[in-house]
Amino acid sequence: MKITLTGEESLRLEAEPGMLTIEAPTSDRSYSPFHMLGSGLAACTFSVLQSWASNKDLHVDDLKIDVAWKFAEGEHRFASVNVKLDWPSLSAELWPRALRAAHVCGVHQTLTHTVPISVEAVGAQSVAIE
């Protein structure tokens, strides 16, 4: 699997054999925490689609997943995320089922629902932060 940083607010995941690689077009492009979150969404979507495809005897060799996000105005958090699936070998009649399967991804489900997060200090006397 290969992840390519395609912009400050976007990336592409491609099916490639071997270990996961992360690439950037230039050495000054860094892999930000938002790229990590987008990569998690792309990898989860890929895993779900790969599993679905294997049950249908389909290949995912040409599947590409692009993830792009926009930031909330004046805040350093996602306002929206867009996932685009490019799968040339998938037949038109299977696309609706593939899209349904893509929504099963646990990361997708987590990002579409509010999740409480707690932060605690370990080994220190402090008040919990909410």
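**Points on the structure**

1. The note begins with one histidine. Leaving aside neighbours within four places in sequence, His-76 is in contact with Phe-34 and Phe-71. The model is a predicted one. His-76 is found in the loop between β4 and β5. Is this residue, His-76, buried or exposed? With a relative accessibility of 66%, His-76 counts as exposed, because the cut-off for that term is over 50%.

2. The next point is the overall composition. The chain contains 3 helices and 5 strands, and their pattern along the sequence is β-β-β-α-β-β-α-α. Along the principal axes, the C-alpha atoms fill a box of roughly 55 × 35 × 30 Å. Of the 130 residues, 30% count as buried. The chain exposes about 8700 Å², and carbon and sulfur atoms supply 56% of this area. Among contacts between residues at least 6 apart in sequence, 53% join residues at least 24 apart.

3. The charged side chains may be summarised briefly. The chain has 10 positive and 16 negative side chains. The centres of these two sets lie 7 Å apart.

4. In what order do the strands of the open sheet lie? The order is β3-β1-β2-β4-β5, and the pairing is mixed. The edge strands are β3 (21-23) and β5 (78-86), each of which pairs on one side only. From one strand to the next, the twist averages 20°.

5. The pairing of β1 deserves a point of its own. Strand β1 (residues 2-7) pairs with β3 in the parallel sense over 3 bridges, whereas β1 and β2 pair in the antiparallel sense over 5 bridges. The strands β1 and β2 form a hairpin with 2 residues between them. Within this pairing, Leu-11 in β2 is the bridge partner of Leu-5.

6. Lys-2 is found in strand β1 and stands opposite Thr-21 in β3. Why does Lys-2 count as buried? The reason is that its relative accessibility is 16%, and buried means under 20%. Not counting residues up to four places away in sequence, Lys-2 touches Arg-12, Leu-13, Glu-14, Glu-16, Thr-21 and Glu-23.

7. Strand β2 is largely enclosed by the rest of the structure, because 4 of its 5 residues are buried. β2 and β4 pair in the antiparallel sense over 5 bridges. In this pairing Leu-11 stands opposite Val-67 in β4, and Leu-13 stands opposite Ile-65 in β4.

8. How many bridges join β4 to β5? There are 8 bridges, and the two strands run antiparallel. Phe-71 has Phe-78 in β5 as its bridge partner. The hairpin of β4 and β5 has 6 residues between the strands, and in this hairpin Gly-74 takes a positive phi near 70°.

9. Helix α1 (residues 33-55) lies across β1, β2 (10-14), β4 (64-71) and β5. The helix runs at about 145° to β4.

10. The loop between α1 and β4 holds two residues for comment. One of them is Asp-57, whose phi is near 60°, a positive value in a residue other than glycine. Most residues other than glycine have a negative phi. Asp-57 is exposed, as its relative accessible area is 69%.

11. Asp-62 and Glu-14 are 48 residues apart in sequence, and their C-alpha atoms are 7.6 Å apart in space. Not counting residues up to four places away in sequence, Asp-62 touches Asp-86, Trp-87, Pro-88 and Ser-89.

Terms used:
Residues are numbered from 1 along each chain as its sequence is written. This is a predicted model: local features need pLDDT of at least 70, side-chain atom pairs count only at pLDDT 80 or more; totals for chains, interfaces and linings use all residues. Side-chain values use heavy atoms; hydrogens and water are left out. Buried means under 20% relative accessible area, exposed over 50%, partly exposed in between (1.4 Å probe, protein chains only). Contact means heavy atoms within 4.5 Å. Accessible areas come from the Shrake-Rupley method with a 1.4 Å probe; for residues, only the protein chains shown count as cover. Lys and Arg count as positive and Asp and Glu as negative; His and the chain ends are not counted. The place of a charge is taken as NZ of Lys, CZ of Arg, CG of Asp or CD of Glu. Two strands pair if DSSP finds at least two bridges between them. Axes are lines fitted to C-alpha atoms, for helices over the stretch in contact, and angles run from 0 to 180 degrees between N-to-C directions.
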